[in-house]
Amino acid sequence: MRFLELFKFVTGRPMVSKQKTREEWEEFAEEIFEKVGQALDHWCWEVSGDPAIVCYEAHADKDLYELAEEFVGWSDFGITEEDLELLREMPDDIYERYSKRMQNAVERVIKELEKKYGRPEEEF
């Protein structure tokens with residue numbers, strides 16, 4: 001048994017490893033991107049109570065960390081405090097690319113919803 005395996009066994013949870021290869025960081029970024037996207041979709045369509053387009057617009061300017069932080073602990077999506085720690089340690093170029101990708105995806109959803117359903121009427 002290796003030391004890290006022993007530590008996992010003793011603590012009952014995996015260690016957060018900041019020593020990742022670029023490929024591992026990319027895999028993590030893709031995984032967290034998907035988890036956050038699923039959580040945001042669920043929130044906007046099933047939970048928020050606002051029209052979906054309004055919900056997405058409220059999240060359009062948030063970066064990947066802010067969105068992940070919003071959904072930490074939701075068992076359906078598996079975003080953890082350890083994920084947040086890894087996001088803080090992720091190489092800047094990978095983080096920026098996936099944050100921008102998330103913002104672009106949210107903006108595309110907003111455009112598609114607007115095209116399909118139009119703008120919701122505002123209440124005064």
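1. Throughout this note, contact means heavy atoms within 4.5 Å. The model is a predicted one, in which local features need pLDDT of at least 70 and side-chain atom pairs count only at pLDDT 80 or more, while totals for chains, interfaces and linings use all residues. Residues are numbered from 1 along each chain as its sequence is written, and side-chain values use heavy atoms, with hydrogens and water left out.

2. The protein chain has 6 helices and 0 strands, where helices (H or I, at least four residues) and strands (E, at least two) are DSSP runs numbered from the N terminus. Of the 124 residues in the protein chain, 31% are buried; buried means under 20% relative accessible area, exposed over 50% and partly exposed in between, with a 1.4 Å probe and protein chains only. Among contacts between residues at least 6 apart in sequence, 71% join residues at least 24 apart.

3. Helix α2 covers residues 22-47, and its 26 residues should span 38 Å at 1.5 Å a residue, which agrees with the 36 Å between its end C-alpha atoms. The expected span is 1.5 Å times one less than the number of residues. The buried residues of α2 include Trp25, Phe28, Ile32, Val36 and Leu40, and what covers the buried residues of this helix includes α3, α4, α5 and α6. Just after α2, Gly49 takes a positive phi of about 90°.

4. Helices α2 and α3 pack at an angle of about 140°, with their axes 8 Å apart; axes are lines fitted to C-alpha atoms, for helices over the stretch in contact, and angles run from 0 to 180 degrees between N-to-C directions. That makes α2 oblique to α3, given that angles under 35 degrees count as roughly parallel, over 145 as roughly antiparallel, 65 to 115 as roughly perpendicular and the rest as oblique. On the α2 side the contact is made by Leu40, Asp41, Trp43, Cys44 and Trp45, and on the α3 side by Ala52, Cys55, Tyr56 and His59. These residues divide into 7 nonpolar, 1 polar and 1 charged, where Ala, Val, Leu, Ile, Met, Phe, Trp, Tyr, Cys and Pro count as nonpolar, Asp, Glu, Lys and Arg as charged, and the others, Gly among them, as polar.

5. The axes of α2 and α5 (residues 81-89) come within 11 Å and cross at roughly 130°, and these two helices are therefore oblique to each other. Trp25, Phe28, Ile32 and Lys35 in α2 meet Asp83, Leu86, Leu87 and Glu89 in α5. The residues of this contact divide into 5 nonpolar, no polar and 3 charged.

6. Helix α6 has 26 residues and reaches 37 Å from its first C-alpha to its last, close to the 38 Å expected. Among its buried residues are Tyr95, Tyr98, Met102, Val106 and Leu113, and what covers the buried residues of α6 includes α2, α3, α4 and α5.

7. Which residues does Gly118 contact, leaving aside its neighbours within four places in sequence? They are Ile53 and Leu113. Gly118 lies in the segment after α6, takes a positive phi of about 80°, and is partly exposed, with a relative accessible area of 27%. Although Gly118 and Ile53 are 65 residues apart along the chain, their C-alpha atoms are separated by 9.2 Å.
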